[in-house]
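Please look over this model before we talk. My notes for you are set out below as numbered points.

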Amino acid sequence: MNRRSLLLGGLTATGALLVGWGALPPRSRLGSAARAVADGGAVALNGWLTVTPDGVVHLAMPRSEMGQGVHTALTMLVAEELDVPLSAVRLVPAGPDRIHGNVALFVASLPIHPSSIDAESPAAAVRGSRWLVGKVATELGVSVTGGSSSVTDAWDVLRLAAATARAQLLGAASLQWKLPVADLAIDNGIISHPSGPSGHFGEFARAAAATPATGVRVKDRKAWSLIGTAAPRTDLPAKVDGSAVFGLDVRRPGQLYAVVAHAPMLFGSPGRADTAAALALPGVERVVRLGRYAGSHEAVAVVGRTTWHARRGVQALDVEWRGPPAGHPDTRQLIDTLERRAREADQAGGGFAFHDRGDILAAHAAASSRHEAVYRAPYLAHAAMEPINCTARVADGRVELWAPTQFPTAARAIAAQVAGVDADDVTLHVTYLGGGFGRRLDVDFVGQAVRIAIETSGRPVQLVWPREEDLTHDFYRPAAVAVLRAAFDADGAVSALSVTSAGDAITPRWLERTLPLLAAVDTPDRSNSEGLFDQPYDIPHQRMAHVPTHSGVPVGYWRSVGHSHNAFFAEGFIDELAAQARQDPLAFRLALLVHQPRHAAVLKLVAEKSGWASPLPPGRARGVALAESFGSIVAQVAEVVLVEGKPRVVRVVCAADVGTVVNPGIVAQQMEGAIVFGLCAALHQRIDIHDGVVQQSNFHTYRLLTLAETPRIETHLIASERPPSGVGEPGVPPVAPAVANAVFALTGARLRALPLML
């Protein structure tokens, strides 16, 4: 395998897009990072890796770091294959080239995953799936950080790229020293031979770039010395000493600051505006009207010398806000409508059936007993700790951006559209993200920042959304309702399970905002039904259907997407069936997982580590839940007490099978963070919209978990030789049902709506 035929990519079973080296257009073969570094004297060995004259390896990094540790994990893959310490691999921005694209997020939303397509699949779904993947892959070259896919997608690509670079470097040293390659070794970035010759990578890089790679093989896992260890995160020193640059840390010469103000109601717009009082304030520079960019609402922004000046200017504005012509959404009516539509579809066998096995009608008709429940979940905001922000400069026909974004491709596109320039004239610097959770997959704030920068005469301007604007004008996790029905046969076994859910489709709305080229593909939204149609339990007759709705409330991806509420629906109902059958909830699940050894192993591990069979003190109870998402299987046991009549979680034990564990420390951190994130939503959070106005405005009404409320969390990982699967999101789904099931065990009250309230 030589350098030009090396596959740095293709469509894998996980949905990762890999791009053939020789198939790329000339300007994309190295990738922008490799070209930029090469200008400084480094040598590009492939589209991902370059080597500097002093032997430092540069890795082109297309993924955003938002606390999930992906920069460390991907660096570990390269360092392992090249036998260099983590400190010898430096990250450089990957830029917009197609070689670094990632379409896993789009593939995950298709009605039928490409890996499951077979001759019996509906022709239309096959055509739609292939068309969407092909369109994204060949024309857009999108770069996205989402879907817990970063390590999964890079697992083969980066290891192969590094292994190829290793083979080239060894080959170059072999030719220079006239010694057999098999006798050479690499240790800490030094190539050596037992007879004495040695040299660092930089001494051989130029020759290596012209040396065909032969005998390329990634390391056997038995030879790993780095992968699988809890190596320190590479981003920690900068975050500790304050040198890390988040979006809000950007400071440029002559920088101005802007604060946005939207209408009190969703989709409102500014009418008459008296700006005199605002402009008369010291430090206020100007007031800018904002249109709609990538799904943003019309708004007004005040520009000042500091954020404080701009904030005071906003408070001094006198704006006549106009409501939307289409009316005002109200969550009470919307959720009632969702339940009505789910019930109607359930009775008529309607909705889009993502999974249909056996004869559900006959099984229900022949049942000796039946059980039914309706579950509900509210709208939720993202509420990332770093407020929405973007810094932009527009001058001389070019745009420069500094943005904490999960979607660089869309950020550049909306900036180019607003500024009226070509996308190649947009330079984007992706900063650290102070939390993303899916909110920064949208780029509305980028369009707003560029529009303001057009008015500041070439001076950079940093746009900041106050927390109130963030919570009242988010792209929310959709509300959802599910009707669940089960049938028991004469032996008391569950013979049938049908689930019909209803909720707003996320992917079509998101595509309309970020990738209009694909907006016409309004397929049934797989992402909002995931976690229901792919149940692991061995129940003979099943039907899982979803009714996609379009309420008009702005919706978007939220950490773990459909799994976030569907696991609550499914695992709460499974617990109800265990109670109906008078069986232990854990034993009941294990009996339905005889043909799912991975799921059963995770459940058994969490039972062992939580002491499931051991008695608890009076006033405390356990609940269990199991969920598979993003390729990972996670089970959790929550221990609950009542404090002033409200559930308080005191301990959560988590067991997970995430495939090969690249860094167990990071995996444990992500599970802990996901559990806290999920508990915030399970116990406290909801978005209520009355007469078009979001009622929650800051953390006093959209509560986070306090330190005193945070439970002790333990994480245990299953050893696996499977490729890595998702880590950032799979810890969220089991939290709410585990807590709800513990509340039932403690009080006998079955809670079927979030947040959980007795």
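1. Ground rules. This is a predicted model, in which local features need pLDDT of at least 70, side-chain atom pairs count only at pLDDT 80 or more, and totals for chains, interfaces and linings use all residues. Residues are numbered from 1 along each chain as its sequence is written, and side-chain values use heavy atoms, with hydrogens and water left out.

2. The whole protein. It has 20 helices and 27 strands. Helices (H or I, at least four residues) and strands (E, at least two) are DSSP runs, numbered from the N terminus. Of the 758 residues, 60% count as buried. Buried means under 20% relative accessible area, exposed over 50%, and partly exposed in between (1.4 Å probe, protein chains only).

3. Which residues of helix 10 are buried? They are Thr331, Leu334, Ile335, Leu338, Glu339, Ala342, Ala345 and Asp346. Seen down the helix axis, these fall within an arc of 140 degrees, so they line one face of helix 10. The arc is taken from the directions from the helix axis to the C-beta atoms. On the other side, Arg332, Gln333, Asp336, Gln347 and Ala348 are exposed.

4. Helix 10, its partners and ends. Its buried residues pack against strands 14, 19, 20, 21 and 25. Contact means heavy atoms within 4.5 Å. Asp330 caps the N-terminal end: a side-chain oxygen lies 3.0 Å from the backbone nitrogen of Arg332. Just after the helix, Gly349 takes a positive phi of about 65 degrees.

5. Gln68. This residue lies in the loop between strand 3 (57-61) and helix 2 (70-82). Is Gln68 buried or exposed? Gln68 counts as buried, because its relative accessibility is 16%. A polar atom of its side chain lies 2.7 Å from the backbone nitrogen of Met66. Leaving aside neighbours within four places in sequence, Gln68 is in contact with Thr145, Arg233, Ile666 and Gln670.

6. Cysteines. How many disulfides are there? The count comes to zero, where a disulfide is a pair of cysteine sulfur atoms within 2.5 Å. Cys390 counts as buried because its relative accessibility is 0%. Cys680 is buried too, with a relative accessible area of 7%.

How values were computed
Polar contact = N/O pair within 3.5 Å; in protein donor to acceptor, adjacent residues only side chain to side chain.
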